[in-house]
Amino acid sequence: MIDKSEYIKNLTTFENFLDFAIDVSDKTAGIKVPWNLVRANQLYTRLTVTSLSIIHLLPKNRLFPSKSEFWDFFSVASLARNLIENYHMFYYVGVDKVSEEEMDFRLKLLTYHLNNEKYQLYSDFKAGKEVLEEFEKNLPIAKESLKNHSFFKNIEKEKAKKILKGKEAMYLTSKEISERIQFDTDDFLPLYRLFSNHTHSSPLAYYTMSNDRGRGEENEAEVSYLSMTIDFCIKYLSAAIIDMTNLFPNSIDKLDITKLNVIKEKFNDYIEKEK
């Protein structure tokens, strides 16, 4: 008999914290804030939606009860990777303490990357000439605006080349962002690599499949990997909740303080040192 006690404990915590996270999202909606916090709020909402999708895939969850159980670490790993990237962007846009000059550059870069991606997408779909011409007119202007921005001189040469080609939405890597975050991220690189290998169906993802593993059947490996992944997701969800209450302090009196304190207490377990 497989001991699922740790799995159930982590799943219950994840579900409870997500309930509160959604409440935070409701209480911070529609507030007039600076442009970067508008984007941060969007990213926070997206993070809660991804968390909900992860829970939907987890056996024995209470939000989407089912008579059948399907143990699918492959899919959960992909969503967990997405959740990490989501939090990193959320931190980059809304939480990281930078100057107005730097934040202005970050937002301009996001828009430049967005329009480059749209242009490539519309080109691939063979969009009409009038649609593409609008991008062909405005993208060079936006490129020059980035190049002439006062913060651009701080960007490393190789990164600057990628930025001007529209290849990068951020000038910080995920590793660089993880090093700025104010909680223990020692497990970021190995787990991100693990999740990425499953996302991209690399040999690491499928060479270990057998008659038992990787077929949706309950087994010790699936239960263990899913429990570990849930714990990792709880850390990032908790961080996002606390960040949002710091970004929107006027929302705190509308929330259940007892529940918020439980989340803060749990989050303290993840804090190793001030970075």
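How many residues line the largest pocket, and which of them lie nearest its centre? In this predicted model, the largest pocket is lined by 20 residues, and those lying nearest its centre are Met 89, Glu 168, Ala 169, Met 170 and Ser 174. The second largest pocket holds about 350 Å³ of space, and the structure also has one cavity of 30 Å³ or more.

**Largest pocket**

- The volume of the largest pocket is about 450 Å³.
- Three helices, H2 (35-57), H3 (73-95) and H6 (157-164), each contribute at least two residues to the lining of the largest pocket.
- The greatest contribution to this lining comes from H3, which gives five residues.
- Sorted by class, the lining of the largest pocket comprises seven charged, seven nonpolar and six polar residues.

**Second largest pocket**

- A volume of about 350 Å³ is found for the second largest pocket.
- Its lining consists of 13 residues, and Arg 39, Gln 42, Leu 110, Thr 111 and Leu 114 are the closest to the centre of the second largest pocket.
- Two or more lining residues come from each of H2, H3 and helix H4 (100-124) in the second largest pocket.
- H4 gives the most to the lining of the second largest pocket, supplying six residues.
- The lining of the second largest pocket is made up of eight nonpolar, three polar and two charged residues.

**Cavity**

- The largest cavity has a volume of about 50 Å³.
- The residues that line the largest cavity are Phe 73, Phe 74, His 198, Ala 205, Thr 208, Met 209, Arg 213, Gly 214 and Glu 222.
- In terms of class, four nonpolar, three polar and two charged residues form the lining of the largest cavity.

**Thr 245**

- Helix H10, which spans residues 220-247, contains Thr 245.
- Thr 245 counts as buried because its relative accessibility is 1%, whereas the cut-off for the buried class is under 20%.
- When neighbours within four places in sequence are left aside, Thr 245 is in contact with Ile 252, Leu 255 and Leu 260.

Note on methods:
Residues are numbered from 1 along each chain as its sequence is written. This is a predicted model: local features need pLDDT of at least 70, side-chain atom pairs count only at pLDDT 80 or more; totals for chains, interfaces and linings use all residues. Side-chain values use heavy atoms; hydrogens and water are left out. On a 1 Å grid over the protein atoms alone, a cavity is a set of points where a 1.4 Å probe fits but cannot get out, and a pocket is an open set with protein on both sides within 12 Å along at least five of seven lines; lining residues have an atom within 4 Å of a point. Grid points are joined across faces, edges and corners, and a volume is the space filled by probe spheres set on the points. Helices (H or I, at least four residues) and strands (E, at least two) are DSSP runs, numbered from the N terminus. Ala, Val, Leu, Ile, Met, Phe, Trp, Tyr, Cys and Pro count as nonpolar, Asp, Glu, Lys and Arg as charged, and the others, Gly among them, as polar. Buried means under 20% relative accessible area, exposed over 50%, partly exposed in between (1.4 Å probe, protein chains only). Contact means heavy atoms within 4.5 Å.
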